[in-house]
Amino acid sequence: VPEEAFVLCAVGNPKGVLASLDLAGAKVTGSLFRPDHDPLTDGNLVSDLPKGIPIVTTLKDWVKLKERQDLGGFDFRVLDYRIEVEPRELFCDWLVTQLHGKEKQSHH
């Protein structure tokens, strides 16, 4: 996680991205939020991005951005979420029970 970052994303809840970076200890110095599912193909998109600090984006948005030919000179970082449930064994047991319960109900 970079010490400071600029955020570029097109997700439904950009505040969640900011909260995640805050929890990780990154100082967000600026952001560019686009509407959810924006293709991020605007010709002038990169003119609003700073050089010299990492630009953090989501994996969903990086898939769209990486095809652009005008990203040279920018330091992009991809935010990768991993969800872990503890205690794992109890959660797995609960999930199996829920799935089997739903399966039995759907056959009635």
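Modeller: What follows concerns a predicted model, taken topic by topic.

Biologist: In what order do the strands of the sheet run, and is the pairing parallel or antiparallel?

Modeller: The order is E2-E1-E3-E4, an open sheet of 4 strands with parallel pairing.

Biologist: Which strands stand at the edges?

Modeller: Those are E2 (27-33) and E4 (76-79). Each has a single partner strand, so one side of each is left without a neighbour in the sheet. On average, neighbouring strands of this sheet are turned by 30° against each other, direction ignored.

Biologist: Over how many bridges do E3 and E4 pair?

Modeller: Strand E3, residues 55-58, pairs with E4 over 4 bridges in the parallel sense. Within these strands, Ile 55 stands opposite Phe 76 of E4.

Biologist: Turning to the helix, where does H1 lie?

Modeller: Helix H1, residues 14-24, lies across E1 (4-9), E2, E3 and E4, and runs at about 160° to E1.

Biologist: Which residues of H1 are buried?

Modeller: They are Pro 14, Val 17 and Leu 21. Viewed down the axis of H1, the buried residues fall within an arc of 55°, so they line one face of the helix. These buried residues pack against E1, E2, E3 and E4.

Biologist: And which exposed residues does the face turned away from the buried side carry?

Modeller: That face of H1 carries Lys 15, Asp 22 and Leu 23.

Biologist: What follows H1?

Modeller: Gly 25 follows H1, with a positive phi near 95°.

Terms used:
Residues numbered from 1 in each chain as written. Predicted model: local features only at pLDDT ≥ 70, side-chain atom pairs only at ≥ 80, totals over all residues. Heavy atoms only, no water. Pairing = 2+ DSSP bridges. Helix = DSSP H or I, 4+ residues; strand = E, 2+ residues; numbered from the N terminus. Axes fitted to C-alpha atoms, helices over the stretch in contact; angles between N-to-C directions. Contact = heavy atoms within 4.5 Å. Buried < 20%, exposed > 50% of the residue type's maximum accessible area, 1.4 Å probe, protein only. Arc of directions from axis to C-beta.
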